[in-house]
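Subject: Structure handover and notes

Hello,

Below is the structure I said I would pass on. My notes on it follow.

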Number of protein chains: 2
Amino acid sequence: MEANHMYIGIDLGGTNIAGGLVDDSGTLLFNYSMPTEAAKGYQHVLEGIANVMATLKQEATNRQGVILGVGIGVPGLADDFSGVVYECVNLLWKSPVTLRADLKELTGYDVHIGNDASVAAVAEFRVGALRQVRNGVLVTLGTGVGGGLIVNGQPFSGSHGVGSEIGHMVVAPGEYRCNCGRMGCLETYASATALIKLSQMALQSGEVSEYFIEKGIESERIEAKDVIEGAKANDPFCLRIFNTMVTHLTIGLINLVTVIDPEIVVLGGGVSKAGHFLIEALEIALEKERIFRAAPKFEIKIAEAGNDAGIIGAAMLCKN
Amino acid sequence: MEANHMYIGIDLGGTNIAGGLVDDSGTLLFNYSMPTEAAKGYQHVLEGIANVMATLKQEATNRQGVILGVGIGVPGLADDFSGVVYECVNLLWKSPVTLRADLKELTGYDVHIGNDASVAAVAEFRVGALRQVRNGVLVTLGTGVGGGLIVNGQPFSGSHGVGSEIGHMVVAPGEYRCNCGRMGCLETYASATALIKLSQMALQSGEVSEYFIEKGIESERIEAKDVIEGAKANDPFCLRIFNTMVTHLTIGLINLVTVIDPEIVVLGGGVSKAGHFLIEALEIALEKERIFRAAPKFEIKIAEAGNDAGIIGAAMLCKN
């Protein structure tokens, strides 16, 4: 019987080390997770990853599978060229760690590594909305704003893994200070956090949302989806916050497209659940700002790779 | 006797079709130019390119050379993948032209095409300040602001040749309207034109430059180098204009680096003649805004490829 080709994908998060066996077509066959326990230190996390890999390898053997590669998505600056993670605040790694070399010593495997948003873009590229694209971008609108790039048909994250940090593009003088310390980052306009914070700032300055009053939503309990639902319901307050996001996300997309010039931009993360309401607003705003009218437009889509994108994308880092 | 490998490079400008024979190492061996006469139409320009190619081919034969490829730099949106120039305002091409296909028919050669700033980046990559770089950027600070990208060790200009238009990144609400129609483009802060225009606007609003008075420089005759020299001479007016440029060029570089994450950023064009004065000001401004302190910094350099960069870079488009 011929052995089946399999890949190990690991989504290394602040809470769990979520691993899976993925086949050639990007289908998740089996998954296995352990708590990350980042507070116990780098060595402990390394051993956790090795344990997850061992379990998955055993499962692959049970299935007559052969592991062709191991990929790991990291919530920080991960450079697959050097195998170094430069920084990873969520895991408390404040100085560079030689993740590939250390895992090679511990497990014998040469792993691929990537930023988690880059990995999510790889999942979109293999099984989602960026399939067959030559140049494409995933923008994740979640707690923060991240991004992943497909360039010349390959995942790309720059020379030091910084190429996913598009949430820290500066798009305006700024309303409040970003976690990174700068003013005006895209993340302070287009994340779920921004929708909440901009709403709270507006309420605090005396503005009123009829929608929030009607729904009994208090300032300290606002969620991003409340703002989106309010905007869909035509509440002027929520519409203004939503439009502030759209205006600045439009600038972010313009700046991104001016560099990467993709065929498709995919929106992921919680805010992207606004779906066509968001896409339509962006398309109208982008059309107004469009300058290269003879060149084809890029398409905006909502992410398709689903909840296992972190594992599938990590596994697919190995497939070139 | 063994034939020498040669490439034809053509720098297609608004004034001249400047061509040259370039060897494997990127050395210009011979050059030959003709007027572009863009007003006579696309077909006339095509024939001009074919004539320049014929002369260079003859010269190559005289030198026992073999032409391995032909590359053309175009002052517009040029997509080397499809061979289409989407738009080229300088040459009055307002709708897409199939430049590769048309030249193939006329000359028998399959040419490579690229935006002129992309081509200049290729010259830096082969014989200038981006040699050996994995990811690098050329930013040209001239009449406008353009850019060229080296990504994964290859020239990159996106899916439709727009990936060089970094002068149209939006970096601020804006002081005056860009040629493209938008407000806040990097080009309206960091081009030679911007230094002049921002100076004239400040003078018109009643500000005074002691340096301009001393040197007898009148508002309508200001050149970018006057502003730079004034800033170097510590004139408060010129320093303020220069610093406005530096502040916004810093935002532009931050945004670029957040996507491309290069090892080296090269500055070209007239404004880059400010040299170390400009580099030092940018390094100080960038250091203040630096957020990924564990990752290596990118280096800023001045372009090195010289006056023939347009021809050499175009020729080197053929060399992968």
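In which sense do E4(A) and strand E7 (residues 112–115) of chain A pair, and over how many bridges? The two strands pair in the parallel sense, and 4 bridges connect them. Please keep in mind that this is a predicted model.

Two of the residue pairings between these strands can be named. Gly71(A) has His112(A) of E7(A) as its bridge partner, and Val74(A) stands opposite Asn115(A) in E7(A).

E4(A) also pairs with strand E1 (residues 4–12) of chain A; these two run parallel and are joined by 8 bridges. One of the pairings here links Asn4(A) with Gly65(A) in E4(A).

The sheet in chain A

The strands above belong to an open sheet of 5 strands in chain A, in the order E3-E2-E1-E4-E7, with mixed pairing. The edges are taken by strand E3 (28–35) and E7 of chain A; each has a single partner strand, so one side of each has no neighbour in the sheet. From one strand to the next, the twist averages 20°.

Helices against the sheet

Helix H1 (residues 42–62) of chain A packs on the sheet, where it touches E1, strand E2 (16–23), E3 and E4 of chain A. The direction of H1 makes about 30° with that of E2(A). Helix H10 (residues 309–316) of chain A lies across E1, E2, E3 and E4 of chain A, and runs at about 125° to E1(A).

Is strand E4 (residues 65–74) of chain A largely enclosed or left open by the rest of the structure? Of its 10 residues, 8 are buried, so E4 of chain A is largely enclosed by the rest of the structure.

A residue in chain B

I also looked at Ile279(B), which is found in helix H9 (residues 276–289) of chain B. Ile279(B) has a relative accessible area of 5%, and because the cut-off for buried is under 20%, Ile279(B) counts as buried. Which residues is Ile279(B) in contact with, leaving aside its neighbours within four places in sequence? They are Ile300(B), Lys301(B) and Ile302(B). Gly181(B) and Ile279(B) are separated by 98 residues in sequence, and their C-alpha atoms are 30 Å apart in space.

Regards

Notes
Residues are numbered from 1 along each chain as its sequence is written. Chains are lettered from A and ligands numbered from 1 in the order in which they are written. This is a predicted model: local features need pLDDT of at least 70, side-chain atom pairs count only at pLDDT 80 or more; totals for chains, interfaces and linings use all residues. Side-chain values use heavy atoms; hydrogens and water are left out. Buried means under 20% relative accessible area, exposed over 50%, partly exposed in between (1.4 Å probe, protein chains only). Two strands pair if DSSP finds at least two bridges between them. Axes are lines fitted to C-alpha atoms, for helices over the stretch in contact, and angles run from 0 to 180 degrees between N-to-C directions. Contact means heavy atoms within 4.5 Å.
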